[in-house]
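Subject: Structure handover

Hello,

Here is the structure you asked to look at. Please open it alongside this message and follow the residue numbers as you read.

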Amino acid sequence: MSANSADRARLLEVVLVKAGRTKIRYTAELIADDGTRIAVRAPWSGDGVRDFGFVRFEPGDVFTEYYWRDRWYAIKEVRDAKGTLKGWYCDITRPAVLSGTELVVEDLDLDLWRSADGTDVRRLDEDEFAESGLAQRDPAAAGAAMTALDELEVFATVEGGLESLLA
């Protein structure tokens with residue numbers, strides 16, 4: 001195989017914005033883009049271990065992330081270094097924007113976690129969302145965010161629900 005650009009994986013810079021500021025930026029491999037949904041894969045990009053109590057993200061973890069240009073969420077499938085599924089971390093976001101090699105996603109503070117076995121589904125950061133003031137500044141966006149969280153929670157509580165969004 002030659003080493004031309006067609007043979008190399010396309011890399012994107014994922015930029016997560018929160019409250020108008022860049023929260024995190026990392027490089028990810030583009031694995032699919034059908035014009036509506038963008039899928040990328042990246043190693044855990046945080047510093048060290050992040051222990052939420054119900055899951056730990058740590059060096060070696062691999063995230064396969066799905067972003068939509070027309071939906072108010074992103075779904076991140078999380079696997080450990082051996083490939084064992086930990087679960088799905090879902091961010092409530094504005095629809096993603098891909099410009100060149102930069103994928104920009106605005107985090108709206110709400111999150112949802114579903115464990116690999118489906119026994120743990122939890123809504124996260126609703127207090128941060130309320131404190132963000134989005135409901136006052138942009139009621140339509142706040143409504144879309146809450147609707148997206150409700151929809152994801154339904155998918156997360158049905159066997160194969162989240163997976164059906166990623167197929």
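Below is what was found in it, starting with the ground rules.

This is a predicted model, so local features need pLDDT of at least 70, side-chain atom pairs count only at pLDDT 80 or more, and totals for chains, interfaces and linings use all residues. Residues are numbered from 1 along each chain as its sequence is written, and side-chain values use heavy atoms, with hydrogens and water left out.

Start with Arg 37, in strand 3 (residues 37–43). Helices (H or I, at least four residues) and strands (E, at least two) are DSSP runs, numbered from the N terminus. Arg 37 is buried but has no salt bridge. Buried means under 20% relative accessible area, exposed over 50%, and partly exposed in between (1.4 Å probe, protein chains only). A salt bridge is a side-chain nitrogen of Lys or Arg within 4 Å of a carboxyl oxygen of Asp or Glu. The nearest side chain of opposite charge is Asp 34, 4.9 Å away. Here Lys and Arg count as positive and Asp and Glu as negative; His and the chain ends are not counted.

What does the side chain of Arg 37 reach at 3.0 Å? The backbone oxygen of Leu 165. Arg 37 is also in contact (heavy atoms within 4.5 Å) with residues including Tyr 66, Trp 68 and Ala 167.

Thr 36 lies in the loop between strand 2 (21–33) and strand 3. It is partly exposed, at 32% relative accessible area. Beyond its neighbours within four places in sequence, Thr 36 is in contact with Tyr 67, Trp 68, Arg 69 and Asp 70.

Strand 3 pairs with strand 6 in the antiparallel sense, over seven bridges. Two strands pair if DSSP finds at least two bridges between them. Pro 43 stands opposite Val 62 of strand 6. Strand 6 (residues 62–68) has six of its seven residues buried, so the rest of the structure largely encloses it. Six bridges join strand 6 to strand 7 (residues 73–79), and these two run antiparallel. Glu 65 has Lys 76 in strand 7 as its bridge partner. A hairpin of four residues joins strand 6 to strand 7.

**The cores**

A nonpolar core is a set of buried Ala, Val, Leu, Ile, Met, Phe, Trp, Tyr and Cys residues joined through side-chain atoms within 4.5 Å. The largest has 23 residues. Leu 165 is among those with the most contacts inside it, as are Tyr 73 and Leu 152. Helix 3 (139–156) gives the most to this core, with seven residues. A second, separate core of 14 residues includes Tyr 26, Ala 42, Ala 74 and Ala 96.

**Salt bridges**

How many salt bridges does the structure hold? There are 18. Lys 86 and Glu 58 form one, with their closest N and O atoms 3.3 Å apart. Lys 86 lies in strand 8 and Glu 58 in the loop between strand 5 (56–57) and strand 6, so the pair ties together parts 28 residues apart in sequence. Lys 86 is buried, at 17% relative accessible area. Glu 58 is partly exposed, at 23%.

Arg 123 and Glu 153 also meet in a salt bridge (2.6 Å, N to O). Arg 123 is in strand 11 (residues 121–124) and Glu 153 in helix 3, 30 residues apart. Salt bridges that share partners join Asp 51, Arg 56, Glu 58, Asp 61 and Lys 86 into one network.

Best wishes

Conventions
Polar contact = N/O pair within 3.5 Å; in protein donor to acceptor, adjacent residues only side chain to side chain.
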